[in-house]
Amino acid sequence: MAALPTQFGKALSAIEPDEDAAHAQDAHAQVSKVLEDDERLRRLGVDPLLIGSYKRHVSIKRVKDVDVFARLTKADGALRPGAILDHVADILGVAFPGDVERQHRSVKVDFPDYDLSVDVVIARPCGDHWEIPQRIEEDGRARWVETNPTKMTELTTAANKSFLLYDDDEDSGVYVPIVKLVRQVRRTWVDDQPGGYYFEVLTYHAFQELQPDEQTVAAYLTRILRRIAEILPEHVDEGPVDPTLPDKTIKTKATAEQIEAAADQMAKAADLAEAALVEEDRCVAAVKWRRLLGTTQNTEVPEDVFPLPDYCNADGTTKNRSVIKGAPAVPAGQDRHA
């Protein structure tokens, strides 16, 4: 079995948005300060919160946008979303001149130096969760829709504590790494839609259904990819259940045809992962894993995510002994890094 743990560790490092994460944190802090300093928003109990894949630690290189959830804790049913969003756009426009765009349901602030943007979404209380405008029309009218982004963060944290790579190591949570790898597979194998969050939800359901207990990242990824490939065709007409609001389903911009195409592609990806996992020749397996995970995207120079072991050639053959200085030749089926 070709699990190649060292290479998977390096692959996860390759998709980690280190610099983007620092930029995202700074951009969030700048926008949040403008919101918190405004008198009108303070009267409405503004409490901005970072949400999204970056907050849940499942984002991958590159982070292009950051979501700030502008919770108006004292807002009631009289709040007109169009008017308050205009106000948010105005105050942000003063703070970030030329870099603010009023959108249908949010305010976008560009940070050109970081090559990312911040989307500010307003929210009002709804029981133990929140409501956001589905779409704000020119007259300020909007239909509010329920959402609970903080719950997904809690579920992610809990899942990462429940599924461990090593039973005696509480810091070996494998759920978050697998979500990252699934997002990378989606980028490589699936066209624009469904998006990353949709696949994150499918991953969450797959873990909850299967309760996997594998010994390697490779085995976890392979099993989860197969389950996602099986689940996708079930959601051509309606999205998966929203784990944060069980009476709701996940919405997507994807058409039925796009979901069917994604299901077909993920089935092929799962086939490739299964073939790589059972491959006895480590170099042949490494080439398969490299194909599965593809290259970094939205980067100046796309790079292969999965590194080949230093004893492997790009075509899956083993290098001659003389190529690896100071190291013996590695016979097929052995992994010096395992």
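Visitor: What should the 23 residues of α9 span at 1.5 Å a residue, and how far apart are its end C-alpha atoms?

Guide: The expected span of a helix is 1.5 Å times one less than its number of residues. In this predicted model, the 23 residues of α9 should therefore span 33 Å, and the end C-alpha atoms of α9 are 33 Å apart, which agrees.

Visitor: How many of the 15 residues of α8 are buried?

Guide: A residue is called buried when its relative accessible area is under 20%. In α8 this holds for 12 of the 15 residues, so α8 is largely enclosed by the rest of the structure; among them are V217, Y220, R227 and I231.

Visitor: Which helices do the buried residues of α8 pack against?

Guide: They pack against α1 (5–14), α6 (175–189), α7 (196–210), α9 (256–278) and α10 (282–293). For α9, whose buried residues include I259, M266, L272 and L277, the cover includes α6, α7, α8 and α10.

Visitor: At what angle do α6 and α10 pack, and how far apart are their axes?

Guide: Angles of 65 to 115 degrees count as roughly perpendicular. Helices α6 and α10 pack at about 75°, with their axes 7 Å apart, and are therefore roughly perpendicular to each other. At this contact, L181, Q184, V185, T188 and W189 in α6 meet R291, L292 and L293 in α10, which by class gives 5 nonpolar, 2 polar and 1 charged residues.

Conventions. Residues are numbered from 1 along each chain as its sequence is written. This is a predicted model: local features need pLDDT of at least 70, side-chain atom pairs count only at pLDDT 80 or more; totals for chains, interfaces and linings use all residues. Side-chain values use heavy atoms; hydrogens and water are left out. Buried means under 20% relative accessible area, exposed over 50%, partly exposed in between (1.4 Å probe, protein chains only). Helices (H or I, at least four residues) and strands (E, at least two) are DSSP runs, numbered from the N terminus. Contact means heavy atoms within 4.5 Å. Axes are lines fitted to C-alpha atoms, for helices over the stretch in contact, and angles run from 0 to 180 degrees between N-to-C directions. Angles under 35 degrees count as roughly parallel, over 145 as roughly antiparallel, 65 to 115 as roughly perpendicular and the rest as oblique. Ala, Val, Leu, Ile, Met, Phe, Trp, Tyr, Cys and Pro count as nonpolar, Asp, Glu, Lys and Arg as charged, and the others, Gly among them, as polar.
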